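Hi,

Here is the structure I promised to pass on. Have a look at it first, then read my notes below.

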Amino acid sequence: MTAAMRPQASACPACSAAPAAEALAEMAEDKEAKLALSVPTVHCALCISTIERELAKTPGVHSARVNLTLKRASVEADPEVTAADLINVLDRIGYEAHELDVGTLSATATDKAGRDLLMRLAVAGFASMNVMLLSVSVWSGAEAATRDMFHWISAAIALPTIVFSGKPFYISAWGALKHKRLNMDVPIVLAILLAVATSLWETSLSGEHAYFDAALTLTFFLLAGRYLDHRTRAVARSAAEELAALEVPRAVRVRDGEEETVQVSELAVGDMILVRPGGRMPVDGEIVEGQSELDRSLLTGETVPVFAEPGFGVSAGEVNLTGPLVIRATAVGEETSLHRMADLVAIAESGRSRYTSLADKAAKLYAPGVHILSALAFVGWYLYTFDMRTALNIAAAVLIITCPCALGLAVPAVTTAASGRLFRKGMLIKHATALERLAEVDTVVFDKTGTLTAGTPQVENLGDFARRDLEVALALAMGSSHPLSSALANAAREAGIKPAQVSDIEEVPGYGTQGRIGDTLVRLGRAAWIGAQPLAQTSAFLSVGDGQVRAFTFTDTLRDGAEDAVQGLLETGKEVLLVSGDSTGAVEALAQRLGIEKWIAEALPEDKAARVQALTDEGKRVLMVGDGLNDTAALAAAHVSISPASALDAARVASDIVLLGGDLSPIADAVVTARSATKRIRENFRIATVYNIIAVPLAVAGLATPLIAALAMSSSSITVSLNALRLR
Amino acid sequence: MQVLSYLIPISILLGGVGLLAFLYTVKSNQYDDPEGDARRILSGEWDDHPKP
């Protein structure tokens with residue numbers, strides 16, 4: 001390509017033009033677009049082949065492949081093929097599809113780490129099985145030359161395996177030692193290396209005891225724990241990535257009267273951006289054209305839409321409701337209010353990093369203990385016998401027997417089981433220690449808008465209206481896609497109302513809809529437009545030309561399971577608070593409906609975070625459940641936090657657990673599950689300790705043989721794993 | 001005991017073949033979509049000739 005791009009001195013222009021054209025064609029081919037679609041409804045063998053066939057038939061598509069496990073289709077196509085085309089294709093054959101942002105799906109990188117661990121695990125498993133077989137024949141009485149031969153073969157298998165499979169432990173232990181700390185991996189590495197070294201020495205002296213099998217089984221079990229841990233986190237990460245990828249960051253830029261779709265990251269200050277009704281503001285800016293209403297509930301928690309006209313400032317994340325708006329960008333990317341909120345989150349998060357997980361607590365007690373014990377055994381035996389070989393052998397035996405095999409499995413086995421259970425209920429555990437922290441919770445703080453309520457309004461007072469008025473209202477409401485209009489239209493249609501004959505229906509963006517019945521003007525819309533006093537509640541006003549104005553009032557519908565969740569939490573003795581940015585009336589009504597005694601309305605984002613902080617200072621462990629930008633700081637400040645999948649990306653990033661479905665009821669269950677999981681983890685630690693209490697005196701006394709070490713290690717690991725599976 | 005000198009290398013070799021086969025399946029992305037692969041085998045679409 002580069003060769004052809006270089007200007008060539010040539011007699012015939014066509015000669016140099018041809019390769020240049022080829023180079024261009026090549027470049028276009030290189031730029032083959034990779035598209036990813038989320039296809040949530042794919043479920044069968046037939047679906048796979050239908051989707052793949054239909055996608056492959058689409059012009060420009062090179063190849064298509066469905067992944068049923070991830071419910072995803074990946075397509076390679078010419079650059080001009082857009083995701084919207086493919087979504088139409090799938091829609092035609094009856095599959096709902098959503099575009100995924102390929103840049104956000106970095107699944108390959110995480111997969112690499114998992115594959116690497118799996119490879120090491122496989123090699124360790126293979127080697128430990130072989131060496132164990134050889135060891136069994138040694139234990140059952142192989143002698144002299146045969147025993148030596150078996151030991152040498154074991155060594156030949158064990159040495160390369162230890163070097164290859166133990167790498168994750170060496171890296172982690174070295175990292176800890178470099179910072180002058182001890183973690184669980186330091187005694188592990190020491191045990192493995194000491195066991196291999198003494199065994200080699202023993203073997204070279206035709207000794208009786210070699211611990212090759214123990215060193216390998218240890219590596220195998222610990223790697224299994226690592227792999228489980230990694231899997232749990234990889235599943236959570238990939239699901240979280242998918243949620244983020246569903247929001248493709250695109251915007252429509254208007255330049256010289258022409259519209260072009262660009263990545264949000266390409267926008268610059270001063271760009272004109274068109275935001276269609278239903279779209280979200282990509283950047284902070286000022287309205288230059290158009291009138292509309294904005295839904296700011298994700299940012300402030302207010303449910304009443306605000307009126308927007310030229311000159312009005314908008315922030316990234318607000319949703320445009322009625323008319324198309326052109327905005328001039330005043331802040332993009334990192335500068336937007338959305339991103340500035342991230343600073344608040346970073347400050348709040350510093351408090352959380354102080355949490356030490358159960359595993360770390362155990363390691364803190366455990367790692368120095370093991371080293372001291374084994375050093376004491378070594379010194380004691382050396383002073384007693386003055387025989388380096390015996391002393392070293394016994395020190396190695398102590399290290400191997402106390403080695404945290406069961407401890408290494410104790411936490412990952414339980415968290416894998418618990419996360420799997422919660423995942424099936426629709427909860428995604430994003431953070432490694434989230435379950436442990438969730439178990440400690442005694443106070444729950446809920447956000448209102450978008451969390452306890454679904455964010456879809458519902459008409460309250462339909463019964464107060466005359467049938468004729470409702471018919472007019474329905475006719476007008478059908479002319480708009482505003483959420484209040486759709487709610488009104490749905491409610492009226494359900495009540496069996498037929499739309500009245502209204503002519504010239506037009507939507508006046510930002511105000512409402514109007515039309516004519518004969519000569520009378522009828523209107524449905526904002527208070528100021530109709531000529532009425534605005535109410536504190538979310539409302540729409542109807543005038544039918546008789547000088548009277550009637551108000552439809554709306555309440556937010558409760559999210560599914562909100563009542564169950566609050567009830568369940570109250571029943572288990574948790575303190576429940578409602579903190580919202582919405583108006584006092586709306587918050588109070590909801591609090592009473594759900595039986596929440598403590599509520600705070602009109603809270604600013606800082607107030608929410610401060611409230612959570614104050615509770616924490618009182619010694620409470622706070623669970624924050626919220627979805628909006630105004631909750632982000634509070635989510636990060638809380639001991640543990642949950643956000644629904646519908647939340648803003650920033651809120652999801654700040655929270656530890658994401659609710660995948662629309663249902664809130666799993667929250668109460670999750671707290672219970674987290675408690676029993678922590679109980680199991682503690683039990684596992686106790687089991688591991690009991691094994692140590694029995695086996696360590698034997699090892700220190702010099703009575704431990706490789707057989708005892710192998711038995712203690714395997715049985716404790718298996719007991720711990722089985723105990724984890726008991727989790728209900 | 002002479003038999004050991006054949007049997008041990010043979011058994012390790014066979015185990016090694018199994019290990020290599022497993023590593024091959026990992027490397028060639030055969031665990032990326034276990035559910036899909038289980039269903040794909042039921043479809044007769046590419047039975048007569050491989051997928052182009």
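Let's start with one residue: R147(A) has 19 C-beta neighbours inside 10 Å, so it counts as partly exposed. (Buried means 20 or more other C-beta atoms within 10 Å of a residue's own, exposed means 12 or fewer, and partly exposed is in between; the C-beta atoms are placed from the backbone.)

Before going on, please keep in mind that this is a predicted model: local features need pLDDT of at least 70, side-chain atom pairs count only at pLDDT 80 or more, and totals for chains, interfaces and linings use all residues. Residues are numbered from 1 along each chain as its sequence is written, while chains are lettered from A and ligands numbered from 1 in the order in which they are written.

Back to R147(A), which sits in helix α6 of chain A. (Helices, H or I with at least four residues, and strands, E with at least two, are DSSP runs numbered from the N terminus.) Leaving out residues up to four places away in sequence, R147(A) touches V138(A) and A142(A); contact means that the C-beta atoms, placed from the backbone, lie within 7 Å. From R147(A) to W599(A), 452 residues along the chain, the C-alpha atoms are 75 Å apart.

Next, where the chains meet. Chain A puts 17 residues into the contact and chain B puts in 18. On chain A's side, α3 (45-57), β2 (61-67), α5 (107-139) and α6 (144-165) each supply at least two residues. The largest share, seven residues, comes from α5(A). By type, chain A's side has 11 nonpolar residues, five polar and one charged. (Asp, Glu, Lys and Arg count as charged; Ala, Val, Leu, Ile, Met, Phe, Trp, Tyr, Cys and Pro as nonpolar; the others, Gly among them, as polar.)

What does chain B look like? It has two helices and zero strands. Its radius of gyration is 18 Å, well over the 10 Å that the globule rule gives for 52 residues, so chain B is more spread out than a compact globule. (That radius is taken over C-alpha atoms, and the rule is 2.2 Å times the number of residues to the power 0.38.) Buried residues are 2% of the 52 in chain B.

Finally, chain A has an open, antiparallel sheet of three strands in the order β10-β9-β12. β10 (306-308) and β12 (319-320) are at the edges with a single partner strand each, so one side of each has no neighbour in the sheet. Three bridges join β9 (residues 292-295) to β10(A); pairing takes at least two DSSP bridges.

Cheers

How values were computed:
Two residues are in contact if their C-beta atoms, placed from the backbone, lie within 7 Å.
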